[in-house]
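Open the structure in your viewer and keep the selection panel at hand. We will go stop by stop.

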There are 2 protein chains.
Amino acid sequence: MNDHFDTLETRDPEARERAILAQLPRQLAHAKAAAPAYAALFAQIDPAAIDSRAAWARVPVTRKSALLESQRSARPFGGFAATGWGEARRVFASPGPIYEPEGRANDYWRLARALFAAGFRAGDLAHNCFSYHFTPAGSMLETGAHALGCTVFPGGTGQTEQQVQAIADLRPSGYIGTPSFLRIILEKADEMGVALPSLKRALVSGEAFPASQRDALAARGIAGYQAYATADLGLIAYETPAREGLVVDEGVLLEIVRPGTGDPVPAGEVGEVVVTPLSTVDYPLIRFGTGDLSAVLPGTSPCGRSNLRIKGWLGRADQTTKVKGMFVHPSQVAAIVQRHPGIGRARLVVDNPGGADRMTLHVEAEGDAALDAATVVATIRDITKLRGEVLRRAPGELPNDGKVIDDQRKYD
Amino acid sequence: MNDHFDTLETRDPEARERAILAQLPRQLAHAKAAAPAYAALFAQIDPAAIDSRAAWARVPVTRKSALLESQRSARPFGGFAATGWGEARRVFASPGPIYEPEGRANDYWRLARALFAAGFRAGDLAHNCFSYHFTPAGSMLETGAHALGCTVFPGGTGQTEQQVQAIADLRPSGYIGTPSFLRIILEKADEMGVALPSLKRALVSGEAFPASQRDALAARGIAGYQAYATADLGLIAYETPAREGLVVDEGVLLEIVRPGTGDPVPAGEVGEVVVTPLSTVDYPLIRFGTGDLSAVLPGTSPCGRSNLRIKGWLGRADQTTKVKGMFVHPSQVAAIVQRHPGIGRARLVVDNPGGADRMTLHVEAEGDAALDAATVVATIRDITKLRGEVLRRAPGELPNDGKVIDDQRKYD
């Protein structure tokens, strides 16, 4: 089968793992040498000592909130970029604002692979309805389409009637954009009595893409595939004709960690998506915490792509909340657990019976480990400055949903 | 002085003329060979016979209205393009709709030269407020800035407060966009109490840029320069620090013709801007009538650029009007004049004394040539199917404003 973007996709997983482990110390060394923020953050880390996943798991995770704060005190990129004006091709602004550089490398955001899996090929015309203004989505998909050898119509957002007319006149074979805007365009075409038979495929992103929407597109002859990408990282994972989860991009290392920590969770458990682009020179983010929740989907894709698969977007990991006026962070819950080796998984449940905030730490004890609730209560007070109760749960009893703080308060 | 984009700008004008005359037959041969519409239009023209401006002046002018009609009957480019999906980098839609391909050549639209003259240099950050969606303006300026070695922030249109914030945070040295949107951004910054001291220069286009606006920008420390470009052709002419008219781009042949014809007017006379890109492979427009009026500005620019200068935009050439319910085109006025060698310049004045439409052809007789008004009236009826009177004017008496049809009707 010749339906792969390159031979990396079908590598023996052990060969991929060896290549990743060989690249991690190089990429970390590059980040340390070229980006001042990483020089400081990794001052005590010797890249040469990163020789295993266990060693890698001790490299600090950088979360989006930290990046935002760094950028505020050091414009434009908070010391995390290895590029500047004249070297970067473009610079973007995402809500925050948070600024993202785009390097001059071909297919910088690595979206060509996802477009290929969705059926886009050289010689296609792609109608791109992501915005080109401020945020990088439009450019991400366009540079990927160009790398594949497609011509791009930059439709952007809005102007629905003109989008219909351009599709009718230019006859693109594929749509790129959010699934909701594609639905709006198709419904407007129905209303105008205009057929759009040229559209055979779609790469959608930026929103949920449930099976019902995929089926509705299929009924119109459009095969829709989704991609998971972020403004900081570019492509993370993409759907393939196998339709089983999303396959991880060959250009990144993807880890699922316990929210608030850098600790990988067991395979299959829901946690935060942490990503390291393996060879991005201009913006070498290392263990970047996306704030998104997902989980590894066990097994291998029938499409022949041998990389790790994930289940898609399962929510947001940043469960920071306010209790009695004080912030409580997932990293504080992780710190409590760390002081008590007897605790396996834990979840801080916040409710307000009678209108008053209450915190209860639900803990799964590991094996038969003894667990003294009173000392855990003391740790909770020490770390959060708040009073909390402790409730022991059976191993495996807490739901696998990535939640570390579960806010159940009601205000009616 | 090292303040030129390249040595083409300061060539001996005779060397430029020789280079243009050598290129015209090649470009015409390419258009004939690669674009079916030109193969038909130029069937009787031997490119090798194009050895002078006089010979070139007999090559038919293609006007935007004709292009629009050709595109309607043969999507996407009406047979005028030598490119297709996969070869073109982008395709755009301008109001009409009329579609424009963008080739993969570096600086395809040739805007780098105008940006350079406006002071943009490698290493600059340029804040680009032309839209990237549908129309090519955003891409035109961005590809030019990339060719110069600038980084681009794609601000696009709207979102004024966020534009101010991005300029304050990223500190671009230059703005690109319409002059009116720059004024809106600067006034919003005043209102927000945000200083934007990084902005030192601006390349503006798409609207009139009167001296009053240029002075208002200068008072804020921003040197504003204008460029004249169209969606079909890219850069046509650009302002230089000499501030005397606009210097013609080195990549085009610019002619000023009598509206409705392909006949060059004497230097200094107002007429329609007709442009031939000299080496555009993908979309080899030949003698493309822009519909804009301008005139040659005599003399040479003190900035050292030796190319022809024009006065800037002086109105629209397409003066097609309706008289007693019948369309009258400038080309019909030209046809009347052509049948009477005694006529020099002519202008069809339309008025409506007492509420009834009336046509009067004002003619300047050449030298002492005899001119029989009755036969001219017969020609008017023959060509326009309408009755018209003839009024003889002294040579030089008709105003130099490019008007061929002057509609003076009043409806109150």
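This is a predicted model.

**Stop 1: helix H10 of chain B.** Select residues 330–338 of chain B, which form helix H10. Colour B:Pro330, B:Gln332, B:Val333, B:Ala334, B:Ile336 and B:Val337: they are buried. What do the buried residues of H10(B) pack against? Show four partners from chain B: strand E17 (326–328), strand E18 (343–351), strand E19 (358–365) and helix H11 (373–384) are among them.

**Stop 2: chain A as a whole.** Switch to chain A and turn on the cartoon. It has 11 helices and 21 strands. The radius of gyration of chain A is 23 Å, close to the 22 Å that the globule rule gives for 412 residues, so the chain is as compact as a globular protein of that length. Its C-alpha trace spans about 70 × 55 × 45 Å along the principal axes. Buried residues account for 56% of the 412 in chain A. Now show the surface of chain A. The accessible area is about 16600 Å², and 53% of that belongs to carbon and sulfur atoms. Contacts reach along the sequence as well: of those in chain A between residues at least 6 apart, 63% join residues at least 24 apart.

**Stop 3: a four-stranded sheet in chain A.** Which order do the strands of this open sheet follow? Reading across, the order is E20-E19-E18-E21 in chain A, with mixed pairing. The edges are strand E20 (389–393) and strand E21 (405–407) of chain A, and each pairs on one side only. From one strand to the next the twist averages 25°.

Walk through the pairs:

- Select E18 (residues 343–351) and E21 of chain A: they run parallel, joined by three bridges. Here A:Val349 stands opposite A:Asp406.
- Move to E18(A) and E19(A), which pair antiparallel over seven bridges. A:Asp351 has A:Arg358 in E19(A) as its bridge partner. The two strands form a hairpin with six residues between them. Stop at A:Gly354 in the turn, where phi is positive, about 70°.
- Finish with E19(A) and E20(A), a parallel pair joined by five bridges. A:Val363 stands opposite A:Arg392 in E20(A).

Is E19(A) mostly covered or mostly open? Mostly covered: seven of its eight residues are buried.

**Stop 4: the core.** Select A:Phe120, A:Leu203, B:Phe120 and B:Leu203. Of the 144 residues in the largest nonpolar core, these four touch the most other members. In soluble globular proteins, nonpolar side chains tend to be buried together. Zoom in on A:Phe120. Leaving out residues up to four places away in sequence, A:Phe120 touches A:Leu115, A:Ala126, A:Leu148, A:Cys150, A:Gly174, A:Tyr175, A:Ile176, A:Arg201, A:Ala202 and A:Leu203.

**Stop 5: B:Glu161.** Go back to chain B and select helix H7 (residues 160–170), where B:Glu161 sits. Last, draw a distance from B:Glu161 to B:Ile185. They are 24 residues apart in sequence, and 7.7 Å apart in space from C-alpha to C-alpha.

How values were computed
Residues numbered from 1 in each chain as written. Chains lettered and ligands numbered in written order. Predicted model: local features only at pLDDT ≥ 70, side-chain atom pairs only at ≥ 80, totals over all residues. Heavy atoms only, no water. Core = buried A, V, L, I, M, F, W, Y, C linked by side-chain atoms within 4.5 Å. Buried < 20%, exposed > 50% of the residue type's maximum accessible area, 1.4 Å probe, protein only. Contact = heavy atoms within 4.5 Å. Pairing = 2+ DSSP bridges. Axes fitted to C-alpha atoms, helices over the stretch in contact; angles between N-to-C directions. Rg over C-alpha atoms; globule rule 2.2 N^0.38 Å. Areas by Shrake-Rupley, 256 points an atom, 1.4 Å probe, with all protein chains shown as cover.
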